[in-house]
Amino acid sequence: MGWWGRLGERVLPGAVRTALALMPRSLNPNLSLSLGRRNSGAGLVGLDIQPGYVAAVQADVNGSIVVRQAAGAPLPPDTIREGEVLDESLLSETLRQVFREGNLEKRVRIGVANQRTVLRVLELPPVSDRKELAAAVRFQAEDQIPMPLSNAVLDFQSLGTFDTPNGERQRVVVVAAQRDMVEKLLSAVRAAGLRPEGVDLSAFALIRSLYRADAESQGRVLYLNVGGLTNMAIAEGLECRFTRVVGGGLEAMAAEVAERRGIPLTEARALLAALDLRPAEPEPRPEPEAVEEDPELQELQERLAAEAQADADRDEEEDDEPEVDFHEGFGPPPEPEQIETWALAQGQGAADHAEDEDERERGEEEPDGAEGASAAGKSAAGRTAAARKAAAAKRTAAAKEAAAREAAVKEAAEEVADENADVRLVLENGIREIVGDVRNSLDFHRSQDGGGDVSSVVLSGPALAMPGFAEMLESDLGLSVRRQSINFDAGPLGGLSPHHLTIAAGLAAEEVHP
């Protein structure tokens, strides 16, 4: 963590357009702070230069920012790293192409976001004379700015006076940046044929771009722009209370993927952008195919069902017949002394009756066609068994085919997941690092005078296009995350999306009032 992360101080109201008034005149773009002044920046182009891409916007301001024209392009690898220019010539060439193809104005306001810029708020005795105030600010800055002032460019703006127990005091905001960083940036912009009209902290442009005067924006809101790097700002309304730049962003994640796989950075960016972090939903189980019924089998089944019903009805009728008295036809029981003689007579009668029944049954002839009916029944039963077996075989085959398709889909999904496992790991770890930095910043802000808790998080930048990014951020951070972007559908953006325009739009509009 650099000195910027260690020393994040509270940023007081206003959209600070950092003026580097103490730069050598050869590089000084004649800037000035513009706290509290409404100015649409008409004719100016907001220029956001981040690791991995540049975005340029012309906008109108009428209570809110309306993008009128925009252009952008990816940057070659190692052009910008952690917000600082590494290759001026590559940056200049890309800027020339973007402004030529986008037919944009040449007057630009540039955003700065890296760990070599700092903002401090000073409390001084009231001073009305500008020269005396400048001397007082420079004297105090020696102790407040964590860099040698000989290698720094800085400017200040008075925010007015306020009462304290020790009397009236004057609050002054001071912005400082390391000279060599600013010189490289302005040199590359000028080499592209552009005219720098101002330099702004990207965090303030972010707030101007996304603030909405609605219920969701009440209280303190954390604005988080995840693009080539991660820019965060805590604001209450349009007042920025805290700002910090985190070097890690999507470009750092893409660089790690490229190193792991040994592929060009452009391919790694595409892999990262295509990854879906949302949990995989189970594939719907395919319905087994319907087996066509055999008409002959259906007819036979219906006939067998009817015969079974008839048998059941017949059995029910037989159950309803009266019971036969065992003694019926044999007369009354004998007296005790005649039991033996009576039993012998009854036994002979029963035997004769049984013999008569056997003769009658042997004498009856089988009805004509009985043998044919029996054969037909056997044939029908065989056809029934065969048809049932065929239908079962069809159902089994359909079930096996559905299971095979399901297994193939699952296997393909697992192969894709395995192929992207390393990319997913890099992205998930990157989000966790961002969450860790955000938590540290929130803890620091909460511990400062005038600090407090934030009610929600507004996420913007290219990360919005990544499915599941906002959901994982919300889950790990434990705060409500809202997605917000700039609306623009007037034309192509050179391979970028409207999500890339958020900070550039805020740079194009110097001040937005609710």
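Contact means heavy atoms within 4.5 Å. Helices (H or I, at least four residues) and strands (E, at least two) are DSSP runs, numbered from the N terminus. Axes are lines fitted to C-alpha atoms, for helices over the stretch in contact, and angles run from 0 to 180 degrees between N-to-C directions.

This is a predicted model, where local features need pLDDT of at least 70 and side-chain atom pairs pLDDT 80 or more, while totals for chains, interfaces and linings use all residues. Residues count from 1 along each chain as its sequence is written, and side-chain values use heavy atoms, with hydrogens and water left out.

**Exercise 1.** Find which strands helix H2 lies across.

*Solution.* Start with helix H2, residues 88-102. Helix H2 lies across E1, E2, E3 and strand E6 (107-112). Now check its direction: helix H2 runs at about 135° to E3.

**Exercise 2.** Work out the strand order of the open sheet of 5 strands.

*Solution.* Walk across the sheet: the order is E3-E2-E1-E6-E10, with mixed pairing. Two strands pair if DSSP finds at least two bridges between them. From one strand to the next, the twist averages 25°.

**Exercise 3.** Classify the pair Phe242 and Phe444: stacked, edge-to-face or tilted?

*Solution.* Rings of Phe, Tyr and Trp (its six-membered ring) pair if their centres lie within 6.5 Å; planes under 30 degrees apart are stacked, over 60 edge-to-face, and the rest tilted. Here the centres are 6.1 Å apart and the planes at 50°, so the pair is tilted. Phe242 sits in strand E13 (residues 239-246) and Phe444 in helix H11 (residues 421-447), 202 residues apart.
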